[in-house]
Structures are given as structure tokens and as C-alpha cells.
Amino acid sequence: MSRLARPLLRWLDWLETGLIAVLVLAMVLLAGAQILLRNLFDTGLDWADPLLRAMVLWAAMLGALAAVRDDKHIGLDVLAHFVHGRIRRLIHFVTLLFSAGVSGLMAWHGYGLVMLDYGGNGRIAGIPSWLIEIIIPVGFGLIALRLLVHAFLPARNEAMPVLAPELP
């Protein structure tokens with residue numbers, strides 16, 4: 001990896017992690033405020049619940065992106081746990097390519113969703129709905145790109161994972 005790419009990737013990792021942390025903190029504070037307002041004062045913020053749903057979407061997509069970044073995503077390679085060597089690497093490669101393709105399709109259709117709402121005047125908590133939905137094509141596109149890159153890199157964990165501790 002080049003000298004320029006490594007610091008840039010670290011900065012992007014930091015930015016992703018920071019955004020997730022800020023979103024989760026904001027969601028906890030906003031949901032807590034809603035609970036207090038409803039239980040203590042029989043009122044609430046009309047815009048809070050739709051905004052919380054939008055924040056959950058963003059946090060989920062950013063979390064999925066971070067999981068793919070760290071190679072901690074759910075794998076489709078059950079068969080790879082029973083084989084070793086080149087066959088295992090081939091299965092890993094094919095499953096990552098398949099996952100990248102599915103993520104790319106999700107990004108494409110997410111883009112279509114955003115374009116449907118772009119011309120309209122739909123709003124969620126005062127924010128244009130297309131702006132909230134933009135995370136879908138961007139997130140899935142970045143996931144597809146990361147999965148594609150991971151397919152051509154050596155697997156991080158070539159050793160078989162220990163599923164349960166052995167009893168004496």
C-alpha cells in the first residue's frame with residue numbers, strides 16, 4: 001500500500017467510527033429526551049421519532065460498512081469452514097464476489113429510490129427524504145467496493161476459528 005493511501009484509509013476509518021459514535025450518542029440522547037418528555041410532561045417532540053428512524057438507518061449502514069472494513073461481517077462461506085488451502089481461498093473469493101454483486105445491485109436500486117424522491121417534496125423531520133435515503137446507495141456502493149477489494153486480498157484469518165472451548 002502506498003504511503004499516501006495508508007494515512008487516508010486510517011482517516012476514513014476514524015471518520016466512519018466517529019460518525020457511528022456521534023449518531024448512536026445522539027440517538028440515545030434524543031430517545032431519552034422523548035421518554036422523559038412523554039412520561040413526565042405528557043408531551044414530546046413531533047419530529048423526534050421520524051428523525052430517530054432515519055438515524056437508525058444511517059447508523060445501520062455505517063455499522064455494516066465498518067463491519068466489512070474490519071472483516072467482521074456475516075459470511076456466506078459455510079463450506080469454507082470444512083475445506084483448506086486453495087479450495088478454501090476459492091470459496092472465499094467467490095462468496096466475496098457474490099456479496100459484492102448483491103451489494104452493487106442494492107446500491108443501484110437504492111439510487112433508483114433516491115431518484116424517485118429527489119423530485120418530490122417529501123420530508124422526514126424537516127429534512128428532504130432523498131437526503132436521508134442517500135445513505136442506501138452510498139453505503140451499499142462502498143460495501144460492494146470493499147468486498148471487491150477484500151476478494152483480491154489474502155484472507156485475514158486463514159486459521160480455523162475455535163467455535164467452542166474444549167472440555168477436559
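1. Just after helix α1, aspartate 42 takes a positive phi of about 50 degrees. The model is a predicted one, and the angle should be read as a value from that model. Most residues other than glycine have a negative phi. Aspartate 42 has its positive phi although it is not a glycine. The residue lies in the loop between α1 and α2. With a relative accessible area of 71%, aspartate 42 is over the 50% limit and therefore exposed.

2. A second residue belongs with this point. Aspartate 71 is also not a glycine, and its phi is positive, near 60 degrees. Its place is in the loop between α2 and α3.

3. The overall layout is as follows. The chain has five helices and two strands. Read from the N terminus, the order of the elements is α-α-α-β-β-α-α. There are 168 residues in the chain, and buried residues make up 27% of them. Taking contacts between residues at least 6 apart in sequence, 69% join residues that are at least 24 apart.

4. Helix α1 covers residues 5-41, which is 37 residues. At 1.5 Å a residue the helix should span 54 Å, and its end C-alpha atoms are 52 Å apart, so the two values agree. Which residues of α1 are buried? They are Glu16, Ile20, Leu23, Met27, Leu30 and Gln34. These buried residues pack against α2, residues 48-69, and α5, residues 135-151.

5. The buried residues of α3 are Arg88, Ile91, His92, Thr95, Leu96, Ser99, Ala100, Ser103, Ala107, Gly110 and Val114. What covers them includes α4 and α5.

6. Two packed helices are described by the angle between their axes and the distance between the axes. For α2 and α5 the angle is about 5 degrees and the axes are 9 Å apart. Angles under 35 degrees count as roughly parallel, and α2 and α5 are therefore roughly parallel to each other. On the α2 side the contact is made by Leu57, Trp58, Met61, Leu62, Ala64, Leu65, Ala66, Val68 and Arg69. On the α5 side it is made by Ile135, Ile136, Gly139, Phe140, Leu142, Ile143, Arg146, Leu147 and His150. The residues of this contact divide into 14 nonpolar, two polar and two charged.

7. The largest nonpolar core has 23 residues. Those with the most contacts inside it are Leu30, Met55, Phe140, Ile143 and Leu147. Helices α1, α2, α3 and α5 each supply at least two residues of this core. Which helix gives the largest share? That is α2, with ten residues.

8. Two residues link the points above. Not counting residues up to four places away in sequence, serine 103 touches Phe140, Ile143, Ala144 and Leu147. Isoleucine 143 is in contact with Ser103 in turn, and with Met61, Ala64, Leu65 and Val68, leaving aside its neighbours within four places in sequence.

9. The strand region comes next. Glycine 126 is found in the loop between β1 (123-124) and β2 (127-128). Is glycine 126 buried or exposed? At 52% relative accessibility glycine 126 counts as exposed. Glycine 126 and tryptophan 47 are 79 residues apart in sequence, and their C-alpha atoms are 7.7 Å apart in space.

10. The last point concerns α4, residues 129-133, where leucine 131 is found. At 38% relative accessibility, leucine 131 counts as partly exposed. The C-alpha atoms of leucine 131 and tyrosine 118 are separated by 8.2 Å, and the two residues are 13 apart along the chain.

Terms used
Residues are numbered from 1 along each chain as its sequence is written. This is a predicted model: local features need pLDDT of at least 70, side-chain atom pairs count only at pLDDT 80 or more; totals for chains, interfaces and linings use all residues. Side-chain values use heavy atoms; hydrogens and water are left out. Helices (H or I, at least four residues) and strands (E, at least two) are DSSP runs, numbered from the N terminus. The expected span of a helix is 1.5 Å times one less than its number of residues. Buried means under 20% relative accessible area, exposed over 50%, partly exposed in between (1.4 Å probe, protein chains only). Contact means heavy atoms within 4.5 Å. Axes are lines fitted to C-alpha atoms, for helices over the stretch in contact, and angles run from 0 to 180 degrees between N-to-C directions. Angles under 35 degrees count as roughly parallel, over 145 as roughly antiparallel, 65 to 115 as roughly perpendicular and the rest as oblique. Ala, Val, Leu, Ile, Met, Phe, Trp, Tyr, Cys and Pro count as nonpolar, Asp, Glu, Lys and Arg as charged, and the others, Gly among them, as polar. A nonpolar core is a set of buried Ala, Val, Leu, Ile, Met, Phe, Trp, Tyr and Cys residues joined through side-chain atoms within 4.5 Å.
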